[in-house]
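I opened this notebook page to record what I looked up about aromatic ring contacts. The entries follow the order in which I took up each topic.

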Amino acid sequence: MGTWSTRGLRGSTLEEIINRTNEYYLERGLALIQKIPTPITPVKMDKEHRHITLAYFEKRSTVDYIGAVQGIPVCFDAKECVADTFPLQNVHEHQVRFMEEFEKQEGVSFLVIYYVGKNALYYMRFSELKRFWERGAAGGRKSVRYEELDPRFFMSLSGGYKVPYLDAMNLDLELREES
């Protein structure tokens, strides 16, 4: 008889775990990060008008999360990737533009990427995303190979249920100060 594996996100979505992480950070006074809902317009409701059965997106969403960490404006998006390469098409141009404008306002922008097959979490700094994005726009590779990622920014689930992105953000801020 086989054993059940308890590795990985165990059926929870990345966003659910980030939401729990954000609650943990808020309870400890470390950060206030909110999930940004995607605005929709309902088209069709069920008979009891309790559930939307058909809707359309009103406008493009910017990023999944926005808030502040110890007075620093923060925005980030959560992405999941099954393969060992992260397709840049998973990030939309309007998101890159928003994150770039956010950085110009002295905010911190990043992606949290979960590589499902490797059970690996990665904090992708905006500067790194922009470099890969520009490479693709110039006709180069339009995906990011796992081997191209900075090993310092891989994260492990903390306590089995928290994405420790504040630790990676601290390193991001230290590197910004050095350059």
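The entries below concern aromatic pairs and charges over rings in this predicted model.

Entry 1. I began with the total and found that the count comes to 12 aromatic pairs. I then took up Phe 110 and Tyr 123, a stacked pair with 4.3 Å centre to centre and 25° between the planes. Phe 110 belongs to strand E7 (residues 108–115) and Tyr 123 to strand E8 (residues 120–125), so this pair ties together parts that are 13 residues apart in sequence.

Entry 2. I next followed Tyr 123 to Phe 153, with which Tyr 123 forms a stacked aromatic pair: 5.6 Å centre to centre and 20° between the planes. Phe 153 lies in the loop between strand E9 (143–145) and strand E10 (154–155), while Tyr 123 lies in strand E8, so the pair ties together parts that are 30 residues apart in sequence. For Phe 153 I noted a relative accessible area of 0%, so this residue is buried, the cut-off being under 20%.

Entry 3. I asked which residues the ring pairs link into a cluster. I listed Tyr 24, Tyr 25, Tyr 65, Phe 76, Phe 110, Tyr 123, Phe 153 and Tyr 165.

Entry 4. Lys 35 lies over the face of Tyr 65, at 5.6 Å from the ring centre. Lys 118 lies over the face of Tyr 146, at 4.7 Å from the ring centre.

Key:
Residues numbered from 1 in each chain as written. Predicted model: local features only at pLDDT ≥ 70, side-chain atom pairs only at ≥ 80, totals over all residues. Heavy atoms only, no water. Phe/Tyr/Trp six-rings, centres within 6.5 Å; stacked < 30°, edge-to-face > 60°. Helix = DSSP H or I, 4+ residues; strand = E, 2+ residues; numbered from the N terminus. Buried < 20%, exposed > 50% of the residue type's maximum accessible area, 1.4 Å probe, protein only. Lys NZ or Arg CZ within 6 Å of the ring centre and 35° of its normal.
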